[in-house]
Amino acid sequence: MGVSDNTRGLVLAMLSSLFIGTSFILKKKGLLRAAAAGTRAGVGGYTYLLQPLWWAGMITMIVGEVANFVAYIYAPAVLVTPLGALSIIISAVLAHFMLKERLRMMGVLGCVACIVGSIIIVIHAPQEHTPSSVQEVWSLAIQPAFLIYVTASLSIVLVLMLHFEPLYGQTNILVYLGICSLMGALTVVSIKAIGIAIKLTLEGINQFGYAQTWLFLSVAVIFVITQLNYLNKALDTFNAAIVSPIYYVMFTTLTITASAIMFKDWSGQNVTSITSEICGFVTVLTGTIILHMTREEEPATATGTIIWYDEDPSKGLEEAHFITLNNSDYFH
């Protein structure tokens, strides 16, 4: 008796979560080593590109994303997407043992709320229609409603990059992850089109002769590179056990929203489903706020402690008069 498609999708989705959850920790350790040897990624440094651990994390993440991509071919999104929450648990556990990052009890509750809320949203999210060609995906992508969504998303991304990042990027985790999530939701649309193109081409119907296929591919590459850049900044600046769940929540929520607008899957939903989705969003929002408020602040190299002392040689170091100022008072 052969293995069902749903079983293949389930296994691939679980492996994807394992790889992605592990990649957060490997990349974080690489970023920490790079910060000790040069400029931090959070303030524009790229010395992490010389760190083997960072590349190990990058390769692990790519393997996880590929597994996740293939899982969507075999199983429905309702089965695959919730399993992404496993990566949160994996990264939190590994961060505790490998990075010595402590997650407070309220943070654990916030993490649980995020996972539960996201699962509720996914379970009650409307079923999407799977396009049969790249041209059909393109026709859906140029609908007025989706074009408005794309314009709004890109506008918010630009505002976050140009205005909020210089002011709040080092203190508010939602700046970096907002950019990652907004672009990630649009990337999913492009990846879906590419997946359809590959699948149909393997079945003998070549889709790579259409300009739309290459356009979707170009958009996906540009957006993925941008996502990774800002995800590196988020990991370098904030606690990895917090970055993972908030990124998951925002990405999942925006992906479902983008999919519902583009494929019009929200039409025909009953009151129960809509109410459940609203409850899920409220739960997710509550969990995100709890996580953000209870996260452990990491010491940043841009701020620190300035110490002055009386240099009178007649006095020993123990007798010196120290004045300590916290630089963070001047950066907020």
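Start with the nonpolar surface patch: select Val11, Leu15, Leu18, Phe19, Ile59 and Val63. Together they make about 470 Å² of nonpolar surface. Keep in mind that this is a predicted model.

Now colour the helices behind the patch. Select α1, residues 5-37, and α2, residues 52-74. Each of these two helices supplies at least two residues of the patch. The largest share, 4 residues, comes from α1.

Zoom in on leucine 15. This patch member sits in helix α1.

Next, go to helix α8, residues 173-202, and pick serine 181. Is serine 181 buried or exposed? It counts as buried, because its relative accessibility is 0%. Buried means under 20%. What is serine 181 in contact with, leaving aside neighbours within four places in sequence? Select Tyr247, Met250, Phe251 and Leu254 to show these contacts.

Last stop: helix α5, residues 105-124. Select histidine 124, which lies in this helix. Histidine 124 counts as partly exposed, at 26% relative accessibility.

Then show what histidine 124 touches, not counting residues up to four places away in sequence: Gln269, Ser273, Ser276 and Glu277.

Key. Residues numbered from 1 in each chain as written. Predicted model: local features only at pLDDT ≥ 70, side-chain atom pairs only at ≥ 80, totals over all residues. Heavy atoms only, no water. Patch = residues over 30% accessible without salt bridge, like charges linked within 9 Å, V, L, I, M, F, W, Y side chains within 5 Å. Areas by Shrake-Rupley, 256 points an atom, 1.4 Å probe, with all protein chains shown as cover. Salt bridge = Lys/Arg side-chain N within 4 Å of Asp/Glu carboxyl O. Buried < 20%, exposed > 50% of the residue type's maximum accessible area, 1.4 Å probe, protein only. Contact = heavy atoms within 4.5 Å.
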